[in-house]
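Here is a short briefing for a first look. The sequence and structure come next, followed by points grouped by topic.

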Amino acid sequence: MSPLPYQSAHEELHFINRSGWLRAAVLGANDGIVSVASLIVGVAAADPSPTAVLIAGGAGLAAGAMSMAAGEYVSVSSQSDIERADIARETAALRDTPEEEERELASIFESRGLSQATAALVARELTEKDALGAHVREELGLSEVHAANPLQAALASGLTFSVAAAMPLIAAVLAPAGQVIPVVVGTTLVCLALLGALGARAGGAPMLPATLRVLFWGAAAMAITAGVGRIFGVSV
């Protein structure tokens with residue numbers, strides 16, 4: 001009987017495979033809350049009428065969601081194009097100069113601390129099993145898990161932007177007359193704190209630094225926009 005494949009009883013939980021969609025989701029949500037809240041606060045500082053505030057907030061939500069989704073799609077598509085081009089070049093190099101590529105793979109393992117003989121053995125065995133896969137992982141630093149997914153990033157960013165941007169907009173609609181700015185600011189700060197904590201938890205990172213970071217920059221954005229709106233008396 002052939003021996004059973006080794007399975008470790010200890011398997012660590014890692015969150016790096018979430019980095020692609022988590023980055024897009026957190027970026028979209030944070031931008032949605034901050035940009036629309038800042039827009040509402042800036043407009044309310046210049047013209048606190050409900051009509052002006054709702055038009056500005058609604059337009060900011062729609063335009064921002066489309067902009068975020070389109071921007072993520074274009075950005076990640078460009079990254080994906082670069083990855084495919086690098087893989088194509090590696091495929092051609094493996095076809096035309098396989099010996100040189102195997103030596104290059106061995107040198108990579110040597111630079112990571114393996115002896116020359118062990119590095120050569122590992123490179124040979126990986127080349128025999130899956131030469132392209134080995135070079136894509138070890139030389140280019142790419143893998144199926146981390147491959148760029150433009151549609152996933154666009155949907156995550158656009159959807160989270162819309163949901164997050166709706167929070168300050170709803171707060172503005174429900175705010176008592178003359179209280180739009182404090183209600184929107186308070187709601188936004190609470191949402192930002194929750195976003196920072198949830199994003200950190202989803203990524204397995206410390207929650208306090210992430211929460212303080214998003215709170216600081218969100219508050220700064222709203223303060224600056226409110227100041228511009230009050231000073232110039234125009235929608236920003």
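Ala123 is buried, at 0% relative accessible area (buried is under 20%, exposed over 50%, partly exposed in between; 1.4 Å probe, protein chains only). The model is predicted: local features need pLDDT of at least 70, side-chain atom pairs count only at pLDDT 80 or more, and totals for chains, interfaces and linings use all residues. Residues are numbered from 1 along each chain as its sequence is written, and side-chain values use heavy atoms, leaving out hydrogens and water.

**Around Ala123**
- Ala123 sits in helix H4, residues 116–138 (helices are DSSP runs of H or I, at least four residues, numbered from the N terminus).
- Leaving aside residues up to four places away in sequence, Ala123 touches Glu102, Leu105, Ala106 and Phe109 (contact means heavy atoms within 4.5 Å).
- Arg103 is 20 residues from Ala123 in sequence, and their C-alpha atoms are 7.6 Å apart.

**Annotated spans**
- An unreviewed UniProt entry annotates "transmembrane region" at residues 21–46, 52–74, 153–174, 180–202 and 214–233; such annotations may be inferred rather than shown by experiment.
- Residues 52–74 are 100% helix and 0% strand, with end C-alpha atoms 32 Å apart.
- Residues 153–174 are 100% helix and 0% strand, and their end C-alpha atoms also lie 32 Å apart.

**Helix H2**
- Leu54 belongs to helix H2, residues 50–96.
- Leu54 counts as partly exposed, because its relative accessibility is 39%.

Note on methods. Helices (H or I, at least four residues) and strands (E, at least two) are DSSP runs, numbered from the N terminus.
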